[in-house]
Structures are given as structure tokens and as C-alpha cells.
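Biologist: I have a model open and want to learn how to read it. Can you take me through it, feature by feature?

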Amino acid sequence: MKIINKFKVLFLFFFSLSFSIFAIDISFRTVPQTGIPLESFKYSNQKNIIEKPSFGLSETIDLNFLNCLAIGPEFIFNYIQKNGNPSFLIDVAPGLSVSAFYAPLSRLEVQAGASAGLHFMSYNFPGIENSSGGYDEGNMPESKLLSSLYIKGFTSAAFRLSPDFSIGGQIGYTNYLLDKISFTDTAFSSFDIGVNFKYTIHTSKKSKNINADFIQYDSVFPVYANIYKENGFAYANIINNENAEIRDVKVYFRAENYTSSLFICGSIPMIRKGKSAEIPLLADFSQEIASITENGQIPGEIIIEYSMLGKPKTAVETCIIDVYNRNSLKWVDPAVLSMFVSPNATEVLELSKYIVGIARDSLKTGVNRNLQFAAWITEAINSMEIDYVPDATTPYNVFHFDMDVVDQVQFPFQTLTYHSGDVDDLAVLVCALLQAAGIDSAMIPLSEDFIVCVALNASEKGAASIVNNTESLIIMDDEVWLPISMKNLRLGFNKAWSLALSEIEAEEFGSEMIILRDAWQNYAPLGISGKANYEKANPVDLKKRSDASVTKYLDSEIQPKIKAQLSLVSSNPTEANLNTLGRLYVTTGEMSKAKDAYNRSAKLGSVSGMSNLANILLLEKDYEGAKRWYNKVLEVNPDHNGAKKGLERIANEQGN
């Protein structure tokens with residue numbers, strides 16, 4: 001008796017402890033059922049077949065684990081009547097049930113399990129009187145209490161009216177063994193059909209039905225605003241505290257005016273009761289996030305839409321998002337710098353238009369236009385005394401090597417206002433001015449320098465007409481680029497050009513060209529603009545600097561070609577050699593010498609020489625001379641489009 005009492009104390013202790021620690025849900029399953037007999041009853045030489053259905057009731061208390069397993073005590077009561085005999089059986093069976101349950105649909109729950117335990121069968125036979133009022137052997141009144149084991153299996157399907165209550169059908173098989181506990185001898189077995197009533201008490205304590213833990217692994221970079229539509233800036237751990245599983249979970253994010261819309265982050269098919277699931281948070285950040293000038297925080301909301309037992313629900317969880325200032329970035333991919341290049345920013349468009357407007361009246365006819373504009377933009381920055389100054393707190397040559405540290409890069413309006421910047425800041429400004437002028441640009445980040453490349457709109461073959469040695473240009477995929485060193489920008493266009501090549505060749509870690517038109521496919525420009533406090537370049541000083549740069553280019557790159565071509569013409573004065581000499585003179589602006597070379601070529605019968613000579617005369621407004629040479633071209637080649645268009649232009653100029 002003492003042992004039994006100790007066992008009860010321990011059982012009650014662990015039973016209560018399980019609720020306090022694990023908050024286990026308790027389900028009460030009540031099943032009124034009918035048993036269809038399958039086996040004969042055998043006892044004391046009586047072999048009457050039980051054919052009538054039994055009637056009973058089972059009551060189970062399930063302790064639910066892991067939202068899918070249940071274990072608990074079971075109690076069965078059955079009333080069994082023997083066929084054609086006033087005798088009857090009453091069976092009482094306490095045991096232990098183990099089962100598994102699952103909800104494949106919102107309202108449907110299936111459960112299957114087995115149980116076993118003791119059963120006590122009260123056999124009561126009132127006896128059958130003979131004609132004399134007595135009892136024959138075998139028909140005498142008899143009462144007997146049998147005890148043995150029972151085994152049972154069942155499965156059920158129930159409709160969930162609520163997370164707490166469900167009703168459905170149950171079928172199963174029960175076998176009550178004889179008292180000698182032989183698994184080959186059966187007292188009674190039946191196929192059971194019943195109605196399953198299930199009521200669940202949810203013992204877990206919860207403050208909210210749905211929780212969303214906000215997990216931010218790094219602050220938001222405003223400069224990456226467009227990227228966060230496809231790449232998460234944080235995680236939301238969705239915790240289901242409802243009393244049932246939730247389905248069709250959709251997660252959205254918004255952050256007041258810092259987002260343009262309620263943006264869907266993703267969906268989760270189902271989260272079991274008490275379980276959680278992580279989903280990355282995406283955001284459609286608005287232009288407002290670019291107004292953040294200091295590291296700080298902004299409020300946000302995680303919206304969770306879901307259904308429980310087919311009913312739609314919504315939960316909202318607030319969160320605080322850490323945000324870097326708009327100038328911050330990490331050098332995970334150097335191409336991200338393209339986001340700072342804002343060619344449509346007001347101050348960039350105004351300055352670019354101002355420089356191009358002054359340059360347009362001074363452009364040399366035969367010189368590559370993009371090269372000349374690059375010279376003018378470079379010299380405009382020097383004229384405005386915008387200088388290279390290494391960043392004191394985040395120097396480019398240190399910070400861009402470490403992908404884990406946060407660097408600071410200036411937008412063009414800031415560089416214009418500060419009148420200085422690190423090499424990456426100057427590169428952003430120069431690229432923005434070039435792009436605003438309609439000139440493609442690219443960037444090459446080096447260890448100690450930043451190179452801006454200007455597209456010359458020439459093929460590899462055409463590069464030979466631009467420079468004396470094509471090695472002074474970068475040729476990639478049949479595109480020709482002119483490099484400019486930002487570290488040496490103050491030394492002028494020509495020096496910054498030549499030193500850029502030296503810097504690239506000396507780069508220890510190799511170099512990669514980032515073409516802006518390609519980089520913008522992934523890192524679109526933010527277009528951040530601001531009030532820039534600066535004075536535009538003095539037009540007289542700008543023209544003086546730019547003309548000197550272009551003249552120096554001609555002296556270093558074209559004059560050596562002219563000298564070599566003169567030598568070739570003197571020894572072999574062919575039409576082709578004379579035309580090449582004329583084209584070189586046009587490049588340097590020496591039109592009288594160009595006309596002389598084309599005139600000599602024309603006299604040899606060269607259609608190109610005639611046409612080029614006519615073109616120069618047309619530019620000089622010598623309409624009669626131009627008309628005469630165009631007509632000579634048409635005499636040789638009646639289908640020459642250039643000559644026809646030249647005559648049309650002369651007619652328009654003369655008002656005919």
C-alpha cells in the first residue's frame with residue numbers, strides 16, 4: 001500500500017509538472033460506439049456465439065505533444081448480450097492510449113492510434129429453469145469476474161467546429177483476451193463504429209495570437225533602396241500562438257512614408273500550432289529614405305494575413321529598423337557606386353548644360369567630340385577648384401578593400417558644395433556630368449586611384465585615327481574608351497589621361513571596368529539631388545584651359561601622324577595617301593593644308609578627294625566652289641549621296 005501511495009504521488013507530481021513546463025494541451029475524447037462481434041465467447045465449456053452488437057462508451061484524456069502525438073489514460077465500458085440467451089456481459093477496461101493526429105485540411109482532422117490495458121468482464125448468467133423448476137447442468141445460474149488484457153486500434157476523421165471542439169466518426173477493432181492471457185484465445189472481439197466528440201483545453205499562455213520577431217542583421221542602406229525589393233534587409237520569425245495551425249500565411253512590410261507601398265515579402269503554406277517560420281523582409285522603399293542624413297531608426301510594420309479553420313485573419317507587428325545615412329555603402333560590389341551617379345539631378349544637368357554650351361562653339365571639326373567634351377568637363381572641374389582630398393575618416397584607399405566596413409561616398413551636389421572629394425567622389429561627379437551630356441562612361445576602381453573612362457564612340461579600327469598609339473586607349477569588345485585618373489585630375493586633362501594608363505598597368509590586384517549602362521541594370525541611380533552651393537567655371541578661364549588641353553592632345557597624338565604621312569606622300573603621292581593627309585589636317589584644324597591635300601587627290605581623279613574638298617568649301621560658305629566640286633563628283637558617280645545632300649544644303653542656304 002505504501003508503494004502504491006508513493007507511485008500516486010510521483011505520478012501526480014510529474015503530471016502537474018508537465019503542464020507547468022511544457023504547457024501541454026489536454027483533449028477529452030468521448031466516443032459512444034457499437035461493436036459488431038467478430039469472435040466467439042468461450043468460457044466454462046459454453047460456446048454460445050455472440051451475434052448481437054455491443055453498446056459501449058470510451059473516454060480518453062489525451063496529453064498532446066508536438067501538435068501531432070497524444071498519450072493518456074483510456075476508460076471503456078461495454079454492455080454485451082449473448083445471442084438467444086438471457087446472459088449478458090459487462091466489460092470495464094482501463095488502459096493507456098497512444099495516437100497521432102494531423103489536420104490535412106483547415107476543418108478536417110484525422111487521428112489514428114492504439115491502446116491497451118486491463119479489462120474486467122462481469123459474466124452474469126441467471127440460469128435456465130427446466131420444466132420442474134430446477135436447473136440442468138450447464139444452465140445453472142452463474143456469476144464470474146474475468147480479468148485479462150485488451151488491445152485496441154482505431155482511426156477517426158472529425159470536422160473541427162472550432163480549435164477547441166470537433167465531431168466526427170471513428171472506426172476500430174477491439175480484442176478482449178481470456179483471463180489466462182492467451183493471445184490465441186479471445187473472450188470477445190468486435191469491429192467498432194462510433195461518433196467521436198473531442199474537446200481540447202489549451203493550457204499555453206500567450207499575449208498575442210501571432211507574434212513576429214524582427215531580426216535585422218544589418219542596418220538598411222538608403223543607397224540600396226531599389227535592391228531591397230528582391231533582397232531581404234531583415235527576417236521576420238512568424239510564431240503561431242493560435243489554438244490551431246494557420247494556413248496561407250502572407251507577410252507584408254511597410255514603413256510609413258519611407259515605403260511607397262505595402263510590399264509582399266512572401267508566403268508560407270502552413271505554420272503548425274506553437275511553431276514558427278522565418279521569412280525575409282522585402283521593402284518598396286520610397287525616395288523619402290534618401291532624406292536620411294544621419295544614422296538612425298525608422299518605424300515599420302509587419303503585416304501577417306492568414307486563415308485559421310478557413311477564416312481569414314490579420315495580425316500587425318510593429319518594429320524599429322536601423323538605417324544608415326544616405327551616403328553609406330559597403331564595397332561588396334564596386335558596381336554599387338553607380339547608384340550615386342545621378343545624371344538627372346538638377347545641379348548636374350545645369351552644370352553639364354553650361355559646360356557643353358560653352359564648348360560647342362569651340363569644338364574642332366575633325367577631333368573626336370566625346371574626347372573634346374571630356375577635356376572640357378575635366379578642365380571645368382579644375383577651373384572651379386574642385387580638388388582631390390582623401391577622406392579623413394573613411395579614406396577610399398583603405399576602406400574599399402574591406403567589404404565589412406561602412407564607407408561614405410558623396411553625391412554630386414555634395415562634392416560641388418564641398419569643392420573637394422576623395423577619388424570615388426570625383427569619379428561620381430565626372431561620370432554624372434558625362435552621362436548628362438549624353439556620353440557613356442565607365443569606372444575602374446584601383447587600389448590608390450579611381451579611373452573614369454569616356455566612351456569615344458569609335459571601333460577598334462577607328463581608334464587609329466584618334467591617337468598616334470592605340471595603347472593610350474582602352475579597347476574592350478570593339479569599344480574604345482579614354483581613361484582619366486581622378487587622383488591626378490588637378491594636373492589637367494592630358495596628364496590625368498596619361499597617368500591613368502600608368503595607374504592601371506601598375507595595379508597589383510588587377511582592375512575591372514564597370515560600364516554604367518550595364519551597372520544601372522542592377523543598381524539604378526537614386527537621383528538624389530540637393531541645393532549645391534558653388535560657382536560655375538569662368539567661361540574665359542574654362543575656354544583657355546580646354547583649348548590648351550585639346551591643342552596639347554593634337555600636338556602629342558596627331559602631329560606625329562601628320563609628320564609620318566607627309567613623308568609617305570613625298571615618296572608615294574597616291575590618292576589614298578593624300579586623302580589621309582587631308583583628314584589629319586582637318587583634325588588639327590589646318591584647313592588650308594587640308595584643302596591642298598584634297599585638291600591634289602581630286603586632280604588624280606579621287607572621288608573622296610573631290611567630296612572632302614567640297615565639304616570644306618561648304619563649311620567656309622564658298623558655295624560656288626563647293627557646288628563645282630559636288631557636280632564633278634556626280635559626273636564620276638551619279639549616285640553619290642554625299643554630293644546630292646551637299647547640293648541640297650547649298651540650295652537651302654542660298655534660298656533656292
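Modeller: Start with angles. Under 35 degrees counts as roughly parallel, over 145 as roughly antiparallel, 65 to 115 as roughly perpendicular, and the rest as oblique. Axes are lines fitted to C-alpha atoms, for helices over the stretch in contact, and angles run from 0 to 180 degrees between N-to-C directions. Helices (H or I, at least four residues) and strands (E, at least two) are DSSP runs, numbered from the N terminus.
This is a predicted model, where local features need pLDDT of at least 70 and side-chain atom pairs pLDDT 80 or more, while totals for chains, interfaces and linings use all residues. Residues are numbered from 1 along each chain as its sequence is written, and side-chain values use heavy atoms, without hydrogens and water.

Biologist: At what angle do α10 and α11 pack?

Modeller: About 165°, with the axes 8 Å apart. Helix α10 spans residues 575–588 and α11 spans 591–603. The two are therefore roughly antiparallel to each other.

Biologist: Which residues of α10 and α11 meet?

Modeller: Contact means heavy atoms within 4.5 Å. From α10, the residues include Leu578, Leu581, Tyr585 and Val586. From α11, they include Met591, Ala594, Ala597 and Tyr598. By class, this contact has eight nonpolar, three polar and four charged residues. Ala, Val, Leu, Ile, Met, Phe, Trp, Tyr, Cys and Pro count as nonpolar; Asp, Glu, Lys and Arg as charged; the others, Gly among them, as polar.

Biologist: Is valine 586 buried or exposed?

Modeller: Buried means under 20% relative accessible area, exposed over 50%, and partly exposed in between (1.4 Å probe, protein chains only). Valine 586 has 15%, so this residue is buried. Leaving aside neighbours within four places in sequence, its contacts are Gly366, Met591, Ala594, Tyr598 and Ile616. Glycine 366 is 220 residues away in sequence, yet the C-alpha to C-alpha distance is 5.3 Å. Across the chain, 48% of the 656 residues count as buried.

Biologist: Now sheets. In what order do the four strands of the open sheet run?

Modeller: Two strands pair if DSSP finds at least two bridges between them. Here the order is β12-β11-β14-β15, with antiparallel pairing. β12 (263–271) and β15 (311–323) are at the edges with a single partner strand each, so one side of each has no neighbour in the sheet. On average, neighbouring strands are turned by 20° against each other, direction ignored.

Biologist: How many bridges join β11 and β14?

Modeller: Six, linking residues 246–254 and 296–308 in the antiparallel sense. Lysine 250 has glutamate 305 in β14 as its bridge partner.
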